Amino acid sequence: MRMLTKSFPLILVAALFLPVANSQAAKDAAPKPPDSPSKVLLDSWNDVGRKLIAMAEDFPEDKYDFKPNPVQRSFAEQLLHAAGGNYYFINPAKGVKPPSGDPKRADYATKAAVVAFVKKSYADGAELIKSKGDGGLGDLYVDPFAKQQARFSDGAWGFVEHSGEHYGQLVVYYRVAGLVPPESRPKK
């Protein structure tokens, strides 16, 4: 007991010092290197695609033609526009003619058809980004809107942003319809 009493201050100091020493060692460790540019692009593409796919799968089918007001696109038309827009990048980057307009709702009459199209669009873009890798990010293609050459990475980032803008609009559709978007729900 006497030994414990004499050692207690030393044990206390060691117990207090140990976490400080461990945190200092963590601070001194070399930081992890950044991900490659193509991985960052692919991760962003996949993340916004994941969010739109989750919405497409989650939104009730009986509300797929819901519009916050009559002049706006329906929920399904927003999804088709965002996913279909990707082919204005994917097709020209592959040397294929871009689409001539938005996919028609009548051609994707069911929720399952819309979900499948959204999934395919983001999978096709992800496959293309992977195939380019870091070395292909500077490859040129003809932007069908600007009618000029553009870098592959610039086109991909532009459509990540486009998808993000439509994601934001669809969040509003959820809220106006009295629903909570998947990303806003508590995690289980």
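**Aromatic pairs, core and helix packing**

A search of the whole structure finds 14 aromatic pairs. The model examined here is a predicted one.

- Phe59 belongs to the loop between α2 and α3, whereas Tyr174 belongs to helix α6, so the pair ties together parts that lie 115 residues apart in sequence.
- Phe59 has a relative accessible area of 0% and is buried.
- Tyr174 is likewise buried, with a relative accessible area of 0%.

**The pair Phe89 and Phe152**

- The rings of Phe89 and Phe152 have their centres 5.1 Å apart and their planes at 50 degrees, so the pair is tilted.
- This pair links distant parts of the chain, since Phe89 is in helix α4 and Phe152 is in helix α6, 63 residues apart.
- Phe89 and Phe152 are both buried.
- One aromatic cluster is formed by Trp45, Phe89, Tyr122, Tyr141, Phe152 and Phe159.

**The largest nonpolar core**

- In soluble globular proteins, nonpolar side chains tend to be buried together.
- The largest nonpolar core of this model has 41 residues, of which Trp45, Leu52, Tyr64, Phe75, Leu79 and Phe89 touch the most other members.
- At least two residues of this core come from each of α2 (37-58), α3 (75-85), α4 (87-93), α5 (111-132) and α6.
- Helix α6 supplies the largest share of this core, namely nine residues.
- Apart from its neighbours within four places in sequence, Trp45 is in contact with several residues, including Phe89, Ile90, Tyr122, Ile129, Phe159 and Val160.

**The contact of α3 with α6**

- The axes of α3 and α6 come within 9 Å and cross at roughly 170 degrees.
- The two helices, α3 and α6, are therefore roughly antiparallel to each other, a term that applies to angles over 145 degrees.
- On the α3 side, the contact is made by Phe75, Gln78, Leu79, His81, Ala82 and Gly85.
- On the α6 side, it is made by Phe159, His162, His166, Gln169, Leu170, Tyr173 and Tyr174.
- The residues of the contact of α3 with α6 comprise seven nonpolar, six polar and no charged residues.

**Two individual residues**

- Ser153 lies in helix α6, which covers residues 152-176.
- Is Ser153 buried or exposed? Its relative accessibility is 14%, so Ser153 counts as buried, the limit for this class being under 20%.
- Not counting residues up to four places away in sequence, Ser153 touches Leu41 and Leu137.
- Val180 is found in the segment after α6.
- Val180 has a relative accessible area of 35% and is partly exposed.
- Val180 and Phe59 are 121 residues apart in sequence, and their C-alpha atoms are 9.7 Å apart in space.
- Val180 touches Tyr174, Arg175 and Arg185, when residues up to four places away in sequence are not counted.

Key
Residues are numbered from 1 along each chain as its sequence is written. This is a predicted model: local features need pLDDT of at least 70, side-chain atom pairs count only at pLDDT 80 or more; totals for chains, interfaces and linings use all residues. Side-chain values use heavy atoms; hydrogens and water are left out. Helices (H or I, at least four residues) and strands (E, at least two) are DSSP runs, numbered from the N terminus. Buried means under 20% relative accessible area, exposed over 50%, partly exposed in between (1.4 Å probe, protein chains only). Contact means heavy atoms within 4.5 Å. A nonpolar core is a set of buried Ala, Val, Leu, Ile, Met, Phe, Trp, Tyr and Cys residues joined through side-chain atoms within 4.5 Å. Axes are lines fitted to C-alpha atoms, for helices over the stretch in contact, and angles run from 0 to 180 degrees between N-to-C directions. Angles under 35 degrees count as roughly parallel, over 145 as roughly antiparallel, 65 to 115 as roughly perpendicular and the rest as oblique. Ala, Val, Leu, Ile, Met, Phe, Trp, Tyr, Cys and Pro count as nonpolar, Asp, Glu, Lys and Arg as charged, and the others, Gly among them, as polar. Rings of Phe, Tyr and Trp (its six-membered ring) pair if their centres lie within 6.5 Å; planes under 30 degrees apart count as stacked, over 60 as edge-to-face and the rest as tilted.
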